[in-house]
Structure formats: structure tokens, C-alpha cells
Amino acid sequence: MIRVQYFARYREALGLDGEQLSWEPTLASLDALRQFLLARGGVWSLMAEPNLMCARNQELCSLDEPLEDGDEVAFFPTVTGG
């Protein structure tokens with residue numbers, strides 16, 4: 001299983017805090033997972049945003065980060081402050 005969490009406006013737009021997905025070899029990277037989510041269509045298009053931030057097992061990473069069964073993934077927008 002891969003535990004996926006959505007934060008900030010992603011959580012609001014999707015209406016989900018998170019979900020659990022069965023891990024399979026086609027989800028071998030964060031980008032593959034993102035493409036899987038994008039394929040759902042509709043509001044899921046927000047996963048195509050260029051400023052999408054992600055973390056694997058609570059560590060920031062890039063979309064080319066490999067995934068393994070049991071990982072926790074988080075998607076969130078870039079945070080700015082002032």
C-alpha cells in the first residue's frame with residue numbers, strides 16, 4: 001500500500017485528506033503516481049501544477065523519487081510567506 005496525503009488547497013479542491021492505494025510496479029516513482037492521479041481527470045488536473053511539492057516518508061523530494069510498497073507520500077502547494 002501507498003498512503004497518499006493531500007495538504008492545503010489540494011486537500012480542499014479534492015475533498016480528501018488522503019487515501020491508500022495498492023502499490024504496483026507501474027507506480028515506481030512519484031511522477032508515475034502523479035500521472036496515475038492526473039488520469040482521473042477533472043479536478044485532479046491540479047496535480048499537473050509546476051509548483052507541486054512532494055515528500056516521501058516525510059522528507060521533501062523530487063518527482064523522480066522512487067516509490068516502494070509501504071511508503072507515505074504527501075502532495076502540497078509551494079508555501080510562501082512574508
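Predicted model: local features only at pLDDT ≥ 70, side-chain atom pairs only at ≥ 80, totals over all residues.
Residues are numbered from 1 along each chain as its sequence is written, and side-chain values use heavy atoms, with hydrogens and water left out. Local features need pLDDT of at least 70 and side-chain atom pairs count only at pLDDT 80 or more, while totals for chains, interfaces and linings use all residues.

We can start with the sheet, which is open and has five strands in the order E2-E1-E5-E3-E4, with mixed pairing. Strands (E, at least two residues) and helices (H or I, at least four) are DSSP runs numbered from the N terminus, and two strands pair if DSSP finds at least two bridges between them. E2 (18-21) and E4 (59-61) are the edge strands, each with a single partner, so one side of each lacks a neighbour in the sheet. E1 and E2 run antiparallel and are joined by four bridges; Val 4 stands opposite Glu 19 in E2.

Leaving aside neighbours within four places in sequence, Met 47 is in contact (heavy atoms within 4.5 Å) with residues including Tyr 6, Leu 37 and Phe 75. Tyr 10, found in helix H1, is buried (under 20% relative accessible area), at 0%.

Note on methods. Buried < 20%, exposed > 50% of the residue type's maximum accessible area, 1.4 Å probe, protein only.
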